[in-house]
Amino acid sequence: MITEIFAVMAPVLACAAIGYGWARSGQRFDTDFISRLVLNIGAPCLMLSVLSSVSIDLHTFKQTALACVLVALLMAGFGAVIPRLLGHDVRAYLPSFVFPNVGNMGLPVCLLAFGQEGLALALAFFMVLSVAHFPAGIVLAGGKQAGGLTALLKMPVLYAIVLALLLLWQNWTLPAAVQNSVKLIGGMTIPLMLLTLGVSLQRLQVTQWRTALLYSVLRIGGGLLVGLLVVELLGLDGVARGVVLIQSAMPVAVFNYLFAERFNRQPEAVAGMVVVSTTLSFFTIPALLLWLL
């Protein structure tokens, strides 16, 4: 079992370590460009590639997406109450409760733990949060309009979701030329996500350790508890249950820091949560996998 868990975590740690070492050596790494490339091209192609080639029940896929919505809503409730009770800025801390790192870390862990079916269901979780993260994240961090429907319609991931659901619903497959293309392009997504995670960990500085540790525990532990509640409510089992629990217990997403930095919404505090929660997850994820597997 330990060997199996190490086999799951080793590629994640290796890619993140390469990104960390690359940034530490002073080499150039354009995080903004890579993030846009992954979100606008890599992730949509990955979705189409996986969901058009894997055999998965549409009902289970929809249940996983619904589980994501419920987890996000419940965590939003915690994120709105806990910072207020502690006298902190709700807008600065709320996104870290709602938007965990279901992309950079969640997708590879679910893929390595549960195979292509696990990746397909993890993508359902990722798709829901991706559509919500940018409009909601900008509004929460900046207090301004995120562009509304116009901004949402400009997101390629939205059209990939619609096409992927159509493929699942009709049990269609993409033409071989298209499938090979999106498979090749989508294949770059997970490694780039992990490299970016490693680079971000090296660049971010932690200045408020106690606060960062408190919120990191709340994000990971609270997410797991909420995930357990949701899988029981929806009656999820097997791979779907494992994916929802893993995605719910992910650390704070790096994009939360990017939004906080852009709008000067306590970026040092958010950076601390990203670094500390990600560091904690290198211990909590293997423990969770030991329980699930």
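Let's start with the surface. The protein chain exposes about 13,200 Å². Carbon and sulfur atoms supply 65% of that area. Keep in mind that this is a predicted model.

Now the overall fold. The protein chain has 13 helices and 0 strands. Reading from the N terminus, the order is α-α-α-α-α-α-α-α-α-α-α-α-α.

Next, dimensions. The C-alpha trace spans about 50 × 45 × 40 Å along its principal axes. What radius of gyration would a compact globule of 293 residues have? The rule gives a value near 19 Å, and the protein chain has 18 Å, so the two agree.

Burial and contacts, then. Of the 293 residues, 51% count as buried. Take the contacts between residues at least 6 apart in sequence: 84% of them join residues at least 24 apart.

A quick word on charge. The chain carries 15 positive and 10 negative charges. Their mean positions are 10 Å apart.

On to the interior. In soluble globular proteins, nonpolar side chains tend to be buried together. Here, the largest nonpolar core has 96 residues. Which residues have the most contacts inside this core? They are L107 and L289. Which helix gives the most to this core? Helix α5, residues 106-142, with 16 residues.

Look at L289 for a moment. Setting aside neighbours within four places in sequence, L289 is in contact with I5, V8, M9, V109, A113 and I246. Two of those names place it for us. V109 and A113 have numbers within the 106-142 range of helix α5. I246 is one of the buried residues of α11.

That brings us to helix α11, residues 238-248. It is mostly covered, with 8 of its 11 residues buried. The buried set is A240, G242, V243, V244, L245, I246, Q247 and S248. Note that the set includes Q247 and S248.

Begin with N101. N101 sits in the loop between α4, residues 90-98, and α5. Is N101 buried or exposed? Its relative accessible area is 3%, so N101 is buried. The cut-off for buried is under 20%. What does N101 touch, beyond neighbours within four places? The contacts are G106, L197, M250, P251, V252, A253 and V254. Take V254 from that list. N101 and V254 are 153 residues apart in sequence, yet 7.1 Å apart in space, C-alpha to C-alpha.

T196 is next, in helix α9, residues 189-203. T196 has a relative accessible area of 7%, so it is buried. Not counting residues up to four places away, T196 touches F29, T31, I34, S35 and N104.

Then S49, in helix α2, residues 31-51. At 8% relative accessibility, S49 counts as buried. Leaving out neighbours within four places in sequence, its contacts are Q179, V182 and K183.

Y257 belongs to helix α12. Its relative accessible area is 18%, under the 20% cut-off, so Y257 is buried. Y257 is in contact with L204, P267, V270, A271 and V274, once neighbours within four places are set aside. Where is A92 relative to Y257? The two are 165 residues apart in sequence and 9.5 Å apart in space, C-alpha to C-alpha.

Last topic: backbone angles. Most residues other than glycine have a negative phi.

N171 is in the loop between α7, residues 156-170, and α8, residues 176-186. Buried or exposed? N171 has a relative accessible area of 68%, over the 50% cut-off, so it is exposed.

The second case is Q266, with phi near 50°. That is again a positive value in a residue other than glycine. Q266 lies in the loop between α12, residues 254-262, and α13, residues 267-292. With a relative accessible area of 32%, Q266 falls between the two cut-offs, so it counts as partly exposed.

Notes:
Residues are numbered from 1 along each chain as its sequence is written. This is a predicted model: local features need pLDDT of at least 70, side-chain atom pairs count only at pLDDT 80 or more; totals for chains, interfaces and linings use all residues. Side-chain values use heavy atoms; hydrogens and water are left out. Helices (H or I, at least four residues) and strands (E, at least two) are DSSP runs, numbered from the N terminus. The radius of gyration is taken over C-alpha atoms; the globule rule is 2.2 Å times the number of residues to the power 0.38. Buried means under 20% relative accessible area, exposed over 50%, partly exposed in between (1.4 Å probe, protein chains only). Contact means heavy atoms within 4.5 Å. Accessible areas come from the Shrake-Rupley method with a 1.4 Å probe; for residues, only the protein chains shown count as cover. Lys and Arg count as positive and Asp and Glu as negative; His and the chain ends are not counted. The place of a charge is taken as NZ of Lys, CZ of Arg, CG of Asp or CD of Glu. A nonpolar core is a set of buried Ala, Val, Leu, Ile, Met, Phe, Trp, Tyr and Cys residues joined through side-chain atoms within 4.5 Å.
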